[in-house]
Amino acid sequence: MDSGDTAFILVASALVMFMTPGLALFYGGMVRAKNVLGTIMQSVFALGIVSVLWVVVGYTLAFGPDHGGLIGGLDYLGFAGVGAEPNDALAPTIPHVAFASYQMMFAVITPALITGAFAERMKFSGYVVFIAAWLLLVYAPIAHWVWAPGGWIRELGALDFAGGTVVHINAGIAALAAAIVVGKRKGFGKQAFIPHNLTMTVLGTGILWFGWFGFNAGSALAANGLAASAFIATNLGAAAGACGWALVDALRSKKSTTLGVASGAVAGLVAITPAAGFVTPLSAIVIGLAGGVLCAGAVALKHRFQYDDSLDVVGVHMVGGLVGALLTGVFANLAINEAGAAGGTALVGKQAVAVVATLVFSGAASWILLKAIDATVGLRVSEEDELG
């Protein structure tokens, strides 16, 4: 066990935890003033319920001993056996409990990301049931497939350094299902929903950018050269993404916007996430730029297809995750990470399999969960509450 690696992962865990309050501010600034506290509450409450569920059963489903490449066993139920000694199969130089705690913070922010799609119209009780069920039935299996020893996507050889499929594509397609099942906000397409406080959104962007260093560099699971490589790739992805979205805004409307730059930075961060530990700095710029440009274009599609993704979760996280996952297959470089793979047609194919599997499973499972909850607990606030 290495004390330096342990200290690094504990700090990285705190950084990733800080991303969820950052997300609360990022989303909170983009909604109308009457919905700020409700929107922030959804992200902050995820810190509570997901943390508890992760210790009780979520972690063991995601990282317990493999069963058929699909799910973890119940060996770590209630964090049994998750103590100060390292688990050599997961992270050989840090305490097992440090690894499990780090993964907890990923589990917290992923369902919180989905909330942006149904902002301003889902009732709290329906939301609580949804994220609890989604964590255990959707997030945990996909995390096992991609990151756990024996998981079928990991064994296939597809790469996801810090969550392009597990976090962003997973949350993005679930967000699309939620936006459709919950339905449009009253007045969608007829009135403008103006962000009430972009200063709050920019502050949230800064916190997300800051925390993302723990998200990506921390995924090296050691204080080493790979972490440093992922760190610079993360910054460059965000920077290029901000530039890319600003360029699209300038070409489309002859002016760049504050919201566009903030959204572009997040899109670049999303795109670089699966690639951060596998690509060179120049490749990171290309991936971030592609994320910013393509996500800016994707966001406009919600009006063409008439689904109300309130805060652009689908356009930023699903599309950004797709861009990053596939471009990881193009630009992965063994000189950066010898445990990865060389970019090329074969790797792109494996990445595509991982992407499609995530889209199909998460999309279908999320849709079924939402429909079941809507038929029982209910998802939508009353019209009086929504318009009040």
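Author: A nonpolar core here is a set of buried Ala, Val, Leu, Ile, Met, Phe, Trp, Tyr and Cys residues joined through side-chain atoms within 4.5 Å. Buried means under 20% relative accessible area, exposed over 50%, and partly exposed in between (1.4 Å probe, protein chains only). This is a predicted model, in which local features need pLDDT of at least 70 and side-chain atom pairs count only at pLDDT 80 or more, while totals for chains, interfaces and linings use all residues. Residues are numbered from 1 along each chain as its sequence is written, and side-chain values use heavy atoms, with hydrogens and water left out.

The largest nonpolar core takes in 133 residues. Those with the most contacts inside it are Trp54, Tyr59, Phe63, Ile114, Tyr139 and Phe215. Helix H4 (residues 124–147) supplies the largest share of this core, 16 residues; helices (H or I, at least four residues) and strands (E, at least two) are DSSP runs, numbered from the N terminus. In soluble globular proteins, nonpolar side chains tend to be buried together.

Leaving out residues up to four places away in sequence, Tyr59 touches Trp54, Gly64, Tyr76, Phe79, Val82, Leu90, His96, Phe99 and Ala100, where contact means heavy atoms within 4.5 Å. Between Tyr59 and Gln103, 44 residues apart in sequence, the C-alpha to C-alpha separation is 8.1 Å.

Leu347, in helix H13 (residues 345–376), also counts as buried, at 4% relative accessibility. Again not counting residues up to four places away in sequence, Leu347 touches Gly157, Leu159, Thr328, Gly329, Ala332, Ala341 and Ala342.

Now for a pair of helices. The axes of helix H9 (residues 258–272) and H12 come within 7 Å and cross at roughly 45°; axes are lines fitted to C-alpha atoms, for helices over the stretch in contact, and angles run from 0 to 180 degrees between N-to-C directions. That makes H9 oblique to H12, since angles under 35 degrees count as roughly parallel, over 145 as roughly antiparallel, 65 to 115 as roughly perpendicular and the rest as oblique. Where the two meet, Val266, Ala267, Val270 and Ala271 of H9 are in contact with Val316, His317, Gly320, Gly321 and Gly324 of H12.

Charged groups come next. The whole structure holds seven salt bridges, each a side-chain nitrogen of Lys or Arg within 4 Å of a carboxyl oxygen of Asp or Glu. In one of them, Glu120 and Arg185 meet with N and O 2.8 Å apart. This pair links distant parts of the chain, 65 residues apart: Glu120 sits in the loop between helix H3 (96–114) and H4, and Arg185 in the loop between helix H6 (164–182) and helix H7 (198–216).

Another salt bridge joins Asp312 and Lys302, N to O at 2.7 Å. Asp312 counts as buried at 16% relative accessibility, as does Lys302 at 8%. Finally, Glu386 pairs with Arg380 in a salt bridge of 2.9 Å between the closest N and O atoms. Here Glu386 is buried at 4% relative accessibility, whereas Arg380 is partly exposed at 24%.
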